[in-house]
Amino acid sequence: MTWVQSARIEEGHNMPGTTKDSYQEIVEEGLLKIRRIGMEPYLDLGAESGSQNQINRAFIDSIMLETRLLGSVPSVTQTELFGRRITFPIIGAALCDSRILARLGPWEPHYLEQIAGGLADAGSMMSVGDVSVDQLARIVEQGAPVIHIVKPYKDDKIVLEHLRAAESLGCVAVGMDVDVFFKEKAWDEEPGPAFLTHKSTDDLVRYKAETRLPFVVKGILSVHDARLAQEAGAAAIVISLHGGEAIDYAVPVLGVLPEIRRAVPDMTILVDSGFRRGTDVIKALALGAQGVGMATLLLIACSARGREGVRRILEILGMELQRTMSLIGWSTISQIDPSVLRFIPELERSVMTAAREISWSEA
Ligand SMILES: Cc1cc2nc3c(=O)[nH]c(=O)nc-3n(C[C@H](O)[C@H](O)[C@H](O)COP(=O)(O)O)c2cc1C
């Protein structure tokens with residue numbers, strides 16, 4: 001499901017059976033505003049063929065969930081990340097300026113502060129990408145714990161300035177998105193100006209030594225990079241395909257998550273890219289993630305209703321998570337495990353095996 005495909009209503013028409021405060025209403029309201037300014041295609045970017053977001057989403061959708069209803073109890077979604085209690089393991093994925101939200105302005109306060117405020121109101125955590133130190137300070141002031149993901153700038157002075165700012169402003173973790181040294185790429189456009197560069201494990205070791213905060217490496221899609229991030233001293237990684245804007249034909253994030261979890265069992269693993277509902281979050285947690293980041297959904301919710309839209313969409317995701325956990329019989333986040341997951345070939349195999357064992361004449 002892409003956002004473009006999910007835009008099912010036309011202006012002035014509400015979805016039947018939904019309330020003004022439902023997921024569908026908020027998303028449709030945001031999409032309508034984005035569509036009116038002609039920016040809907042920018043919700044679903046992708047380098048070259050643009051295949052990666054579709055492949056990634058199809059992979060998420062191909063995983064199904066068994067229920068474990070008998071003996072089930074009410075579930076609690078609270079968890080801890082970087083030493084902070086949060087309402088649920090759903091956080092803001094790294095965000096910076098948005099072409100879409102900028103055009104929907106003027107905003108007062110700035111839309112990044114509204115998103116940070118909505119995350120704070122929901123008891124969640126924010127990740128901040130390519131922003132100025134002043135912007136970072138205003139975002140931290142909103143009250144949500146903040147992870148600052150610094151760009152892989154060529155100029156080490158800028159990297160160090162941001163690492164130090166994150167610590168002095170009270171961020172809970174700091175890191176780098178190592179996957180965009182060509183800058184993000186949309187479709188066949190030329191990648192942006194060359195102020196970013198490749199980073200080595202030695203660079204990461206140096207950056208890690210500059211901060212007392214847990215160090216996070218974002219943009220990991222292989223065991224190779226996860227191991228090197230760990231060797232460099234990173235406490236956490238973010239498995240991410242950066243909204244499809246780094247490599248064409250990126251592997252699906254949930255496809256590589258289990259092998260990465262096995263390779264680096266002690267690391268905190270966050271994952272983002274394509275997560276839209278509570279059930280998506282369940283799948284990521286069951287495959288070994290400790291938290292799931294969302295960017296596009298929060299952008300749409302902010303387009304719809306600013307800070308309140310962000311708070312409400314997170315509240316809905318939290319309820320979806322809690323409800324699904326109960327239907328599966330998990331009472332806490334730490335109980336979530338992969339035994340309830342079914343993959344399409346596995347499902348076909350189990351259905352066919354069962355079907356072959358049935359004697360239709362006796363049924
Ligand atoms: C408006 C916008 C700004 C972003 N800025 C950054 C950034 O500065 N640094 C970064 O690592 N990722 C950035 N991202 C990528 C997200 O962190 C995330 O990896 C990506 O959007 C996939 O998640 P999603 O499917 O929930 O959008 C940005 C995404 C959006 C939509």
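Reply: **The ligand shell and its setting**

By class, the shell around the ligand holds ten nonpolar, eight polar and four charged residues (Ala, Val, Leu, Ile, Met, Phe, Trp, Tyr, Cys and Pro count as nonpolar, Asp, Glu, Lys and Arg as charged, the others, Gly among them, as polar). The model is predicted: local features need pLDDT of at least 70, side-chain atom pairs count only at pLDDT 80 or more, and totals for chains, interfaces and linings use all residues. Residues are numbered from 1 along each chain as its sequence is written.

Of the 22 residues around the ligand (C-beta, placed from the backbone, within 6 Å), Cys96, Ser98, Gly129, Asp177 and Thr296 come nearest. Helix α12 supplies the largest share of the shell, three residues (DSSP runs: helices H or I, at least four residues; strands E, at least two; numbered from the N terminus).

An open, parallel sheet of eight strands runs β4-β11-β10-β9-β8-β7-β6-β5, where pairing requires at least two DSSP bridges. Because β4 (90–92) and β5 (126–128) are edge strands with a single partner each, one side of each lacks a neighbour in the sheet. β5 pairs with β6 (residues 146–150) over three bridges, and Met126 stands opposite Val146 in β6. Helix α12 (residues 296–328) packs on this sheet, touching β4 and β11 (291–294) (contact: C-beta atoms, placed from the backbone, within 7 Å).

How values were computed
Contact = placed C-beta atoms within 7 Å. Axes fitted to C-alpha atoms, helices over the stretch in contact; angles between N-to-C directions.
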